Amino acid sequence: MPVGAAADPFQSVDALVEGLGSVGYIASRRIATALYMAVHLQKPILVEGSAGVGKTELALSTARLLAKPLIRMQCYEGLDESKALYEWKYGKQLLYTQILKDRMGSALADAPDMDAAMVRLHGMGDMFFSEPFLEPRPLMQALRQDDGCVLLIDEIDKSDEAFEAFLLEVLSAYQVSVPELGVIVAKTPPLVFLTSNNVRDLGDALKRRCLHLHIPLPEPELEERIVATRVPGIEDALTGKLVAFVQSLRTIDLRKAPSISETVDWARALVLLHAKDLDASLVRDTLNVILKFEQDITAVEPQIVELLSRK
Amino acid sequence: MQHTLEQFLKALRAADVRVSPAEAIDAARAAAAVGYADRALFKDALCATLAKSRDEVDRFDETFETFFARNSFSLPPPEAGEAEGDPGDSEGAPGVDQSPLAQMLLGGDTPGLAQAMEEAAGRAGVSEIRLSTQRSRLTRRLLDEMGLSEIEQIIANAKRLQTFDGNRLALRLDVARKALMAEAQAYVERAHELYAAGSGARLREEMLAKKALNADGGIDPIDLAMMQALVKRMAKRLADRYSRRRHTANTGHLDVRKTLRKSMAHDGIPFDIEWKLKKVDKPSIVVICDVSKSVAAAAQFLLTFLYALNEVVDRLDAFAFSGRLIPVNAILDANGVEGAILKVLSTIGFQQTDYGKALEDFVENHIDRVDRHTTVIFLGDGRSNFADPRLDLMHLIQQRARAVIWLNPEPESYWGQGDSVMYRYQRFTHVAKTCNTLGQLERIIEDVLRTYVPH
């Protein structure tokens with residue numbers, strides 16, 4: 001989906017809200033403002049919020065809006081430089097040395113002494129640490145995109161502190177140092193999104209380098225618009241009812257309150273079932289779409305009728 | 001505007017939102033990018049650059065609303081028809097022409113007054129307010145800076161004229177002066193709220209962290225909630241640092257054995273390279289907590305800390321005892337913090353201490369839990385009521401565990417006095433320390449996690 005030909009979506013916040021809407025992301029003003037600032041200040045943006053409020057989706061939609069490639073890096077415990085930045089293709093290096101073994105033997109055969117052989121060997125050794133043997137990982141790929149890209153560093157809170165510290169250079173200067181090749185600087189700084197579920201507190205150094213955006217669970221009107229956009233073919237009356245029901249669920253003390261993605265999934269399920277209206281038995285049958293814990297389901301089941309009638 | 005922005009950052013810092021110089025620069029750039037015209041936009045833009053967590057966003061919103069709340073002055077409206085020409089009318093009252101403040105008051109020029117008050121506040125240093133007792137003095141200084149004395153002069157002069165116009169002018173100025181004073185008071189009040197209220201709460205928290213847990217009367221019930229929040233934060237901080245299991249691939253070291261083994265499938269050509277891995281274990285901790293009468297005041301907080309730690313450290317086994325020893329993990333898991341503590345205390349709390357019996361119970365039922373990866377932490381005063389301390393069992397625990405740590409709420413000078421067998425137990429511990437404030441507790445637990453828990 002190309003950029004709307006009419007105007008640059010990053011001209012103003014309102015244009016940005018509209019632009020994001022055109023690629024299917026209904027953003028509140030606060031979200032759009034944060035994104036606007038990120039582009040204009042060239043700073044990474046740290047998105048927090050509970051699971052399923054659309055953190056990752058924001059990055060995906062922005063990439064669509066900008067019509068730029070999205071490079072995604074999923075963080076997990078034990079993620080390190082070699083998986084995030086670059087790695088040498090050790091297998092290929094070894095394979096090549098094996099294949100070239102005979103050539104090397106003959107090339108070195110006429111060297112008068114050991115020292116001369118070593119000098120020749122040094123010349124060959126450098127071949128093996130050059131671009132063809134370099135395996136770029138997401139961060140380096142992002143820095144090497146000359147036309148810019150959207151870099152999504154997903155669930156940064158799952159990675160280790162050491163990795164967080166490593167990211168600082170990338171995030172503040174958009175460059176990395178590779179010992180064998182030197183410093184790689186991005187020609188066009190990528191637009192960086194970091195997402196966090198707050199599994200652990202992030203370091204101040206990282207937070208300081210980012211703009212912060214917390215996406216809360218949405219207001220009813222916003223949620224209705226999101227459902228209407230995401231689930232085409234759903235009737236307005238049903239949307240209103242199901243959003244009201246989900247909103248009332250969020251007021252109950254649950255282990256995992258349903259977030260936007262659950263609402264959207266539920267709406268899709270209801271459309272699949274050709275539901276026209278929301279009644280107690282239908283809710284009971286499809287409750288497992290919005291609630292993901294057995295205890296939550298058993299807690300909510302007896303209250304369904306009451307929740308439905310609540311206005 | 002630059003000055004206002006700086007004042008706002010100062011207010012934010014007072015509200016415990018950390019704003020570093022780099023962030024201040026970002027804020028200025030953000031303000032320049034969006035402009036000041038759209039209030040909501042301006043607020044969101046600043047929020048994105050300055051507030052870095054959910055709490056901070058809430059505090060930011062609050063501070064922003066208070067800081068930029070500028071109610072227009074509520075002045076008595078200028079009497080109809082004379083708003084324009086009034087100053088000219090009262091020629092008899094000398095000074096009105098020279099005093100811009102009097103003109104503004106009589107003319108009902110509220111924006112002008114608001115601006116004058118801002119400027120005067122800058123000169124009077126209202127934002128330097130730290131204590132509630134400074135309020136009246138600062139209000140007075142603010143009014144002086146605005147030129148209140150001129151107004152008083154004019155009122156006095158006008159009264160002396162003894163004419164109808166003079167009296168009326170005096171009356172009107174007097175009403176306006178009162179309104180102005182009320183306004184100044186509100187202004188200083190708001191400044192106090194912005195710059196000083198937060199520091200009060202922080203001061204209180206600092207005091208709490210330093211207060212001895214077993215002090216007479218224990219902790220004020222009012223402070224209890226604050227204390228519990230403090231403990232929770234501490235435990236979270238510690239857990240963030242230590243509860244994660246890390247595999248660090250040691251990329252510098254080739255695992256020759258594994259690589260050769262794997263290459264056998266490819267006729268000895270090493271396609272896959274294996275690296276040596278370093279495994280980092282999660283801390284495995286056993287805590288045994290004394291909840292008997294002698295440590296009654298401290299017990300509650302030791303348990304609070306235990307509770308918080310239990311929430312964040314996965315492999316923690318907690319036991320509590322006074323006469324007998326019971327595992328309390330299930331109680332801690334099933335109840336909220338107050339409920340859990342009450343339940344533990346009502347089940348076994350406040351009985352006669354018997355360290356020997358408690359150790360016996362532990363060794364008999366739970367010694368399997370202690371292995372060479374385990375750190376055992378005792379929280380107690382080591383007062384065994386002259387019963388057999390069972391040093392042999394203590395020795396057994398020490399031999400099995402990686403480390404034994406004893407935290408005693410009593411100062412070291414009390415150890416070994418009366419029925420305390422602390423010194424005898426101390427021989428079987430790696431560390432024995434006094435610990436009777438929250439601050440100490442955090443420091444010691446951190447030391448424990450760093451030094452004695454396998455990395």
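Is B:R383 buried or exposed? B:R383 is buried, because 23 other C-beta atoms lie within 10 Å. (Buried means 20 or more other C-beta atoms within 10 Å of the residue's own, exposed 12 or fewer, and partly exposed in between, with C-beta atoms placed from the backbone.) This is a predicted model, in which local features need pLDDT of at least 70, side-chain atom pairs count only at pLDDT 80 or more, and totals for chains, interfaces and linings use all residues. Residues are numbered from 1 along each chain as its sequence is written, and chains are lettered from A in the order in which they are written.

**Around B:R383**
- B:R383 sits in the loop between β6 (374-379) and α18 (391-400) of chain B. Helices (H or I, at least four residues) and strands (E, at least two) are DSSP runs, numbered from the N terminus.
- Leaving out residues up to four places away in sequence, B:R383 touches B:S294, B:T353, B:D419 and B:S420. Contact means C-beta atoms, placed from the backbone, within 7 Å.
- B:S294 is 89 residues from B:R383 along the chain, yet their C-alpha atoms are separated by 7.9 Å.

**Chain A against chain B**
- Chain B gives 29 residues to the contact and chain A gives 27 residues.
- On the chain B side, α2 (21-34), α3 (39-50), α4 (54-67) and β1 (246-254) each give two or more residues.

**The α2(A)–α3(B) pair**
- The axes of α2(A) (residues 29-41) and α3(B) come within 9 Å and cross at roughly 65 degrees. Axes are lines fitted to C-alpha atoms, for helices over the stretch in contact, and angles run from 0 to 180 degrees between N-to-C directions.
- Among the residues of α2(A) that meet α3(B) are A:R29, A:R30 and A:M37.

Definitions and conventions: Two residues are in contact if their C-beta atoms, placed from the backbone, lie within 7 Å.
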